[in-house]
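Visitor: Could you walk me through this one? Salt bridges to begin with, please.

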Amino acid sequence: MKITTFNPQIITKDAASVIQLFEELGFERRHQQEGIGELDVTGVRMRDANGFYLDISQTDALPQQSLMAIRMNVDDFDEAYNQLQAHGFKNYYEDHTVSTATARSAMMISPSGIAINLVQHIKE
């Protein structure tokens, strides 16, 4: 398994204020996708002048106001998923993964509370 992207991700019920904060810190919106998965998530990818990336996701499905996670894109979803499970991570969606036309993902939570949004982009 190869990790292709690794950056912070903020999952929140109030993405607008988080986006505004990071715009004021010099980040620019690079990409936005709406209606992701059954939870109807909106995702915004941001980047600063130094090349640092940040993902901000809007959802009302969180039990709390926000969650800090690591977004980890990989070239082999199943291998990474099984490896994280072997280390005690549980899928936030039980055994369900989020699939779109361009990606497959799962929010994996460790026993200590570390959240990794595991993503594999689908290339045609």
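Guide: Arg45 forms a salt bridge with Asp55, and the closest N and O atoms are 2.8 Å apart. A salt bridge here is a side-chain nitrogen of Lys or Arg within 4 Å of a carboxyl oxygen of Asp or Glu. This is a predicted model: local features need pLDDT of at least 70, side-chain atom pairs count only at pLDDT 80 or more, and totals for chains, interfaces and linings use all residues. Residues are numbered from 1 along each chain as its sequence is written, and side-chain values use heavy atoms, with hydrogens and water left out.

Visitor: Are Arg45 and Asp55 buried or exposed?

Guide: Both Arg45 and Asp55 are buried. Buried means under 20% relative accessible area, exposed over 50%, partly exposed in between (1.4 Å probe, protein chains only).

Visitor: What does Arg71 pair with?

Guide: Arg71 forms a salt bridge with Asp55, with the closest N and O atoms 3.2 Å apart. Arg71 is buried too. Arg45, Asp55 and Arg71 are linked in a network of salt bridges.

Visitor: How many salt bridges in the count?

Guide: The count comes to 4. One of them joins Asp78 and Arg104, at 3.1 Å between the closest N and O atoms.

Visitor: Why does Asp78 count as partly exposed?

Guide: Because its relative accessibility is 41%. Arg104 counts as partly exposed as well, at 27%.

Visitor: New topic. What does Ala80 touch?

Guide: Leaving aside neighbours within four places in sequence, Ala80 is in contact (heavy atoms within 4.5 Å) with Met1, Val74 and Leu118.
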